[in-house]
Amino acid sequence: MKKIIRSLGLAAVLAGASAFAAEDVGLVNQLNGDVSYTSGSNSAKAKAFMKVREGDRFSIPAGAQLRIVYFDGGRQESYTGPAALTAGTKSSQQHNGAQPQVTALPAGVPQKIAQTPELIQIARLGRSGGVAVRGAQEQQRLTPQAQAEVRQARQTYEQMRKSAAANDIVPEQYLYAVLQDHLLYDEMKGVVAEMQKRQPSNPDVAVMAEYVKVKTEPK
C-alpha cells in the first residue's frame with residue numbers, strides 16, 4: 001500500500017484506518033439480503049466489504065446470504081439464513097441455522113482482500129468535487145521481485161476463478177489489490193471489467209472502474 005499512499009497523498013486516511021487494524025479479524029466479502037449485526041452495544045445493517053471484529057454478532061434472516069473471510073488462516077464461511085453467529089478470531093461460533101459452506105482461500109489472499117475497503121475509499125477520494133483527478137502517477141517499471149509477485153498473483157487468480165461462482169468477484173478483488181500496489185493501471189482495466197460483468201449493479205465496483213478509467217486516460 002505504500003505506493004498508493006505516495007501516489008494519492010492519502011497517508012492520513014490509511015493511517016487512521018490502520019489504527020484499528022489490530023481489532024479486525026475478517027471481512028464481509030459477499031452479502032445478499034437484510035443482514036444485521038451488533039458490535040458492542042451498537043447495532044446496524046451489515047454492508048458488503050465491511051471489516052469484522054471479534055465478538056461481532058450477525059443475524060441472517062431467511063433467504064439472506066452472508067460470507068465472511070477470516071484473515072488469519074483464510075477460512076471463508078458462507079451462510080444462508082435463517083442463521084445467527086458470533087465472529088471469533090479465526091472462525092465463527094454459530095448459534096442456529098444450517099451449517100455454513102466452508103472453504104479456504106490460498107495463502108496471501110486474505111491479506112490482500114483485507115485492503116478492499118481502503119481501495120474503495122482511495123477510488124472515491126481520487127476525485128475532487130465529484131470529478132476524478134487525472135494522471136496522478138505514471139506506471140512504474142517493476143523490479144524482478146515485483147514482476148514475480150504479479151506473475152504469482154495472476155496464477156493464484158486463475159486458480160481461484162476456476163472454483164468461484166460466476167457472480168463472485170473475490171478473485172478480481174485480490175488481483176486488483178496486487179496490481180494497485182504496483183500502480184499497474186492498464187492491467188487493472190481488464191480486472192474491473194470482469195468485476196462489472198459479474199456484478200453490474202455493484203456501486204463500489206462502479207467507483208473502482210471510474211477510478212481506473214481516469215488513471216489510464218491521456219493527460
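The accessible surface of the chain amounts to about 11000 Å², and carbon and sulfur atoms account for 50% of that area. The model is a predicted one. Of the 219 residues in the chain, 45% count as buried. The secondary structure consists of eight helices and twelve strands. Among contacts between residues at least 6 apart in sequence, 60% join residues at least 24 apart.

The largest nonpolar core contains 39 residues, and Tyr 176, Met 208 and Tyr 211 have the most contacts inside it. Two or more residues of this core are supplied by each of helix 3 (109–113), helix 4, helix 5, helix 6, helix 7 (185–198) and helix 8. Helix 6 provides the largest share, with seven residues.

Leu 119 belongs to helix 4, which spans residues 116–125. Leu 119 has a relative accessibility of 2% and therefore counts as buried, the limit for this class being under 20%. The C-alpha atoms of Leu 119 and Gln 173 lie 9.6 Å apart in space, while the two residues are 54 residues apart in sequence.

Asp 204 is part of helix 8, which covers residues 203–216. Asp 204 is classed as buried because its relative accessible area is 15%, again with the limit at under 20%. When residues up to four places away in sequence are not counted, Asp 204 touches Phe 49, Ile 120 and Arg 124.

The largest pocket holds about 490 Å³ of space. Its lining is made up of 23 residues, of which Arg 67, Gln 76, Thr 103, Ser 163 and Asp 168 are the closest to the pocket centre. Both strands and helices give two or more residues to the lining: strand 1 (24–32), strand 6 (65–70), strand 7 (75–80), strand 10 (101–104), helix 5 (144–163) and helix 6 (170–181). Strand 7 gives the most, with four residues. By residue type, the lining of the largest pocket comprises eleven nonpolar, ten polar and two charged residues.

Conventions. Residues are numbered from 1 along each chain as its sequence is written. This is a predicted model: local features need pLDDT of at least 70, side-chain atom pairs count only at pLDDT 80 or more; totals for chains, interfaces and linings use all residues. Side-chain values use heavy atoms; hydrogens and water are left out. Buried means under 20% relative accessible area, exposed over 50%, partly exposed in between (1.4 Å probe, protein chains only). Contact means heavy atoms within 4.5 Å. Accessible areas come from the Shrake-Rupley method with a 1.4 Å probe; for residues, only the protein chains shown count as cover. On a 1 Å grid over the protein atoms alone, a cavity is a set of points where a 1.4 Å probe fits but cannot get out, and a pocket is an open set with protein on both sides within 12 Å along at least five of seven lines; lining residues have an atom within 4 Å of a point. Grid points are joined across faces, edges and corners, and a volume is the space filled by probe spheres set on the points. Ala, Val, Leu, Ile, Met, Phe, Trp, Tyr, Cys and Pro count as nonpolar, Asp, Glu, Lys and Arg as charged, and the others, Gly among them, as polar. A nonpolar core is a set of buried Ala, Val, Leu, Ile, Met, Phe, Trp, Tyr and Cys residues joined through side-chain atoms within 4.5 Å.
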